[in-house]
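Please look over the model below with its charges, its fold and its division into domains in mind.

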Amino acid sequence: CRDYLDFKPKGVLSSEQLNTPEEIDKMVIAAYATLSNDFFLSQMASVPWIWGSVRSDDAYKGGGGTGDNFDQHIMETFNLLAPTNGQINDIWIYLYENLGRANDALRRMENMTEANYPNLKMRQAECRFLRGHWHFILKILYKHPVWVDASLPKEQLNTLTNDTFISDELWNKIAEDFQFAVDNLPLVQEQVGQASKVAAWAYLAKTRLYQAYEQDDNNNVVNINQARLQEVITLCNNIVNQGGRSLSPDFADNFLCGFENGPESIFSVQYSQDDGTQNGKIQLATGVAYNMAPQFGCCDFLNPSYTMLNAFKTDQVTGLPMMDTYNNEFLYKINTWANVNDLSTIDFMSQTVDPRMDHTIGIPTHPWKYDPNFVTTKSWRRVPEVYGYLTSMKALEHYNSSCFVKLGPFMGTSRNADIIRYDDVLLWLAEAYIELGQQDQALPLINQIRERAANSTGRLVRNNGSPISNYKVSSYINGVNCNWTQDFARKALQWERRLEFSTEGVRFFDLVRWGIAAETLNAYFTKEKTTFSFLKDAFFKKNRDEYFPIPQAQINFSQGLYKQNKGW
Amino acid sequence: GTIKDEQGNPLPGANIIVKGTTSGTTSDSNGGYSLGISSAQDVLIISFIGYFGKEVPVGNQSTIDVVLQADVQTLSEVVVTGYGTEKKSDLTGAVAVVDLNKVRDIPRPNVLQTLQGRVPGLYIESSGQPSGQTGQVLIRGLNTLGDNSPLYIIDGVPTTANDVISGRGAANGSTTKNVSPLQNIDPNAIESIQVLKDASAASIYGARASNGVIIITTKQGKGKLKVQLSSSASFQNRFGKIDAANTIERGRALWQASINDGTDPSIHSALYAFDYTGTGANAVLNNVTPVQWIGGDPSSLTPAQVPGTDWQDVVYRTGFVTNNNLTLSGGSESTSALLQFGYLHNKGVKEYSNFSKMNMRLNTSHKMFNNRFRIGQNLNIAKTRETPEPTDLGGAGMDYLATYQNPILPVYRTDGTWAGPLGSGMSDRNNPLHMMYINRNNKDNNLILFGNVYAELIPFDNFTLRSSIGLDYTFSNNWWIQEKYTEGFLTQSVNRLSVFHGERTNLTWTNTADYNLQLGANSLNFLVGLETVKEDYKTTVARKEDFATQDFDFFQLDAGTGTASSGGSRTGYQLLSYFGKVNYNLADKYLASVTLRYDGSSRFGKNQQFGLFPAANIGWRISNEAFMSSVDVISNLKIRAGIGRVGNQKIGNLARFGLYAPNYGTMDFRDWYGAWRTIGTAYDINGNNSGILPSGYVALQQGNDNLKWETTDEINIGIDFGFFKNRITGSIDYFTRNTKDILIRPPYSAVIGEGGNRWINGATAKNNGFELSLAYQNTSGPFTYSIYGNAAHFRDKITNLPESVIRSYPGNVEQTILWHSQRSIFGYVTDGLFQNEEEVTAHAAQPGKGIGRIRYKDLNGDGKVDALDQTWLGTTLPDVEYGLGFDVSYKNFTLSAFFQGVLGKLTNDGIKGDFTRVNNGMNFGTGVFDAWSPQNPGSPLPALSLVNANDEFRSSDYLFVNGSYTKLRTLQLSYAFPRGILDAVKLGTLRMFVMGENLFALKDNKGVNKIYAPDPENPFLTYPLTRNVTFGVDLSF
């Protein structure tokens, strides 16, 4: 009678059945799939706008008010953040689950040889590249994450701790994975979504750049390691010289459907639709960032800040950014909304601006996403009484685009999301030169970015053909419009990154790397809270808020093995 | 003389014996008797089943008329217990017999809905769902950390509540409904309900009995052909209405909130213009003028509504329920049959909702071979059809929208099309009536077959062999249409049909042998048995997009031209059980019972598939002792004690296996809110942007070959009593339970990665409590009256959890849930509101503190308010649940009332949370006008704000308030037509009644404890409970 209890599970496999080369290849696909498994709450590594932009002076959270995803409001304002915050735990789980798929595939490869699995080395390199990617994000979010590789079986992973390696050693562990990828990946891959040697160089350069800014235990930047910077230069120059990449002629190409995997893209998440999945494998990280235009109707998160808007101002004479005076006056004042239907007081024609403003920010009266007939209005805003009148644009899709997917109230796009672009590489190179005191080498690199920006006005027109705003962007010319010292070059580099990657989830991590997060953000809060009461209690606590706390739940699971970050 | 009952009806067949002799007689059909008497000293003993016996001295009387008093506590009543029956007087476990007469008129599809508060220890969280879905059903509270719902035995066939996927689930992944098996059984067909509460009573069902067992027996035909017809009609309205702000009031609140925040109120100018003077605390609002058009201009066709749309009036309506039932029954010595039809239709209290249930039952049995062989069957066929609740685009429910949709929004635009949010100042929530309208054709259909066929053989006297095959079968056929539409700035741009088929088959085969042995005063009963259970569950989902027209008749899968996707699954489990039982009775005074069950389940690890579940009971009927015969006051007294072990296997069917599966992406989204996760394994690595993607596999869970039964050990002590000829009856039970090896699937360290889930036997818990029931019944002249009541208390405590998961439960780094109930609320303690700057400064560091904001206590006195300043606020299960009923009959009229209530329960007063920050773009209750202001410093509600800087949503005693209540559950007046009239029209019975349900509730209404939600029992914005008035008629011939 005991046979009566034999029950065979249906539609599932055991782990042992997946140890053939054919199935391991599929496990690598499953590891890649994590790149595209995003969602707007905690799963936003593709476009990390909460982590890198809302936590900075780039943007406000937006949405239906402060209570709409309150955990993110807390991240934005810092002061109520605690290790028990649910979303900080969710993010940690998401990142380790993604990382775990790469390790699952790697574990299976340990019993394979190149004889029975010819692709072994390349597959290992791809998985280590992906593992490096997830560790990198963990590192910049949590500072002391747990290093997890494939050497331990799954059941023993709960014996790991987060202080086996000091911060610098962790960077080295991440770099080792990218170095392995550099050593074993071809320059050009057969499949466009695969990690290549170029992508590995770039990620290794990014890792070494972050590592170069050495922090003490309290997150103060205490030294900039010159040797690491030299490595950055070597790696970036490999890309410049051998990578076959270039800047796209128009900045907009990076944010439009149909231009994916273009010359500027170094590594990007490949999305798709009409692919047999219910909704398409689409980018949903910014799925709630669309405005309330009738074509969208939800949910208006990710609102560029008024300070961000002002940062695009340029000097009418020199065409350079107004780095010291830009925020003295708002380009666009909430006060003018007393007379809500009168937009005549807002003048974008006398104040010159960087064209990247109209690539980045949806401004009432300005065409949205390069469509002169789709003009932003105030009525597209969900709760202007809390978050003002600016909407985002870069990661979003025009409703007519073939990449646009409507999914219930949310929207997604099958347009790829770039993890690393060539403009980023050029600016890392410039940054390394500057910090090595070779700012003259950096000058043409920064100007390359600015020239491209200046040339990116072709799509920024109204339906009568006139430019949307008065654009003026000039290159830096030492001794003519600036004095190109190391200090000035550093400031110019920082400003250029701010404009180039605005609202893309980059800014916060730049500020922490440079060691200026506290002063920058507290100054921003002081300014911004005069207009926006939701920032009334915002405060960045130096030596604490540079990183998330290690989630309390995870410390508990580790039964105290994990150490909490300093300051928490 | 004659023997009559208290109503004067003759009692034929009563026994009359001369005391101390064997001479006696029985009464004839008119109750008359005659008997020769030898001495005036003789005493007559008159007895009759169901009545109190009487002793009458003869004296010199020649005619002795006797009136016997009915024994309301029918101790000779037969009670269905595990795999057999026992006399109620012989019961030694904690078994509650439900008095169905008291609830038979309540028109509900699910008899459980009518039992709230009527059975001590049976705790039911009610729900207004027309389908009869209940909330949680608990017997003696919580014993395990997972599913606490009981086992049901219907005509000997075990079944449980099941999660059923609705059509909406087919569309988005996994929206399920928990369906109780009693939803499909017509209450009119139920003969009896017994609740086995303690382990010693339930252990014969061993492995699945840890949450208690509810035994239902359906009616059988007997006697001459009888036709019974009952019909009722009810009007329903939801219980209470939230007092929501109108357009102008909403504007006033927004203005006040902006003033409080120091923001310019003109930012609300998309919807309002404010005429005000002064600033800050001195600001005075003279006038609020709403705009004329939503969206800014007349082209929106959406005029602003003044005084405003009352969305509750739009969404809710008066529901109407009809319930009709026809039963034909009859039988002879050898054959009996019962045929029953039922039809219930509930229009629902929300627009476009409805539920209907049709059922047919056929119960037959036939005896052969000199009554030595019997075959029979019980079969119920039920068909249900329901329009499931829609949600709006963002997943918000209709109850939520009815309360919170902006009153300025009209239902329709000026051109008659649906109005929706447009422009600034509106939220992204849909027009709820529109959502209900486009949902009107969506249906969840279920076909349920439930029953058994059985054969009984009596090879020799006192020995019975029985075999039964039971079937529990559900076929679901659900469809869900998502229409394409534009409503304001909200659009659904593609239409889609999702079709779901589910088939659940559960077969139970039960074989028992039963032997009765009488040795002098010793009576013994032996039972052994074997039982197998096999469940199989299959699902298929198909979806198609792009339908050319939105005509309901066009929505067929073949007619769609867009993306198609499909899914499906199959699962199941098997059980194998052996069991035995011995009952012992010595002279009706000393009772004992021993049971043993040995159960195996396919859900458990290879090494641990079987579990052993023993129990033993003893009872002492003190009132049957000789020394008690002189104590007249005590008519019945029994002490009983039991000890037993029961089990639980409520885990996933595949819990013990380590599994991988592809997740191509057809079901990427687990659920709305909280659980939307993208977990696909497919990736467009070729950059093709479309087409079939390569896909891998993902780990689902880790295996555990040592997974075994969770067991509960219970001790029960009880007293049953009857005083003054059972005019006062009652019982008291005390129990204590220890549950160990509780099956949990704890959250796990994230570094393990996906599929780190693992079921383990990980926790222990304690539970104890008591139950008390008491009834008084008497007759006085033409009046018969009774008062009955019960109260129960239970309290669970988690006593042990694995160290690594203990903090996944409420608590902080210093305090854990250990020794607290799993329904405990952990949070901050409030200390009023800050009245002035001095108080703000003087208080501990509390981020966001300010004048008019909530002051949270610095419990540990460390000068700052943080996670460590939380404590245990209470539990959401009550300390005591009670029921109290009154019945009065006068001649043919009966008036009855029943109250039910709870004490000592925390309730999250949902709407109060919104008073702490005015919900942008949405509405709120008028409670906001009670909020703190310098002019209203005594208010318990913090000052209005748009930004919630102080995080006043946090768990605290501001939100969790005393949820005690008392409700008048039923008030009924019925009239039974007298015999004479009935005889004239040749009717057996004719009765009419009117009944009111949930007519009022008492709740806490003062100060900080005030509950703003209209219904303290159901304060959340879920399907509201209803207030009903029912008219019914019941006749038979």
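Chain A carries 53 positive and 65 negative side chains, the centres of the two sets lying 2 Å apart; Lys and Arg count as positive and Asp and Glu as negative, without His and the chain ends, and each charge is placed at NZ of Lys, CZ of Arg, CG of Asp or CD of Glu. This is a predicted model, in which local features need pLDDT of at least 70 and side-chain atom pairs count only at pLDDT 80 or more, while totals for chains, interfaces and linings use all residues. Residues are numbered from 1 along each chain as its sequence is written, chains are lettered from A and ligands numbered from 1 in the order in which they are written, and side-chain values use heavy atoms, with hydrogens and water left out.

**Fold and dimensions**
- Chain A contains 17 helices and twelve strands, taken as DSSP runs (H or I, at least four residues, for helices; E, at least two, for strands) numbered from the N terminus.
- Because its radius of gyration of 24 Å is close to the 24 Å that the globule rule gives for 568 residues, chain A is as compact as a globular protein of that length; the radius is taken over C-alpha atoms, and the rule is 2.2 Å times the number of residues to the power 0.38.

**Domains**
- An automatic or database domain assignment divides chain A into domain 1 (17-283 + 545-557) and domain 2 (301-415 + 438-504).
- The C-alpha centres of domain 1 and domain 2 of chain A are 28 Å apart.
- In chain A, 40 residues of domain 1 are in contact with 43 residues of domain 2, contact meaning heavy atoms within 4.5 Å.
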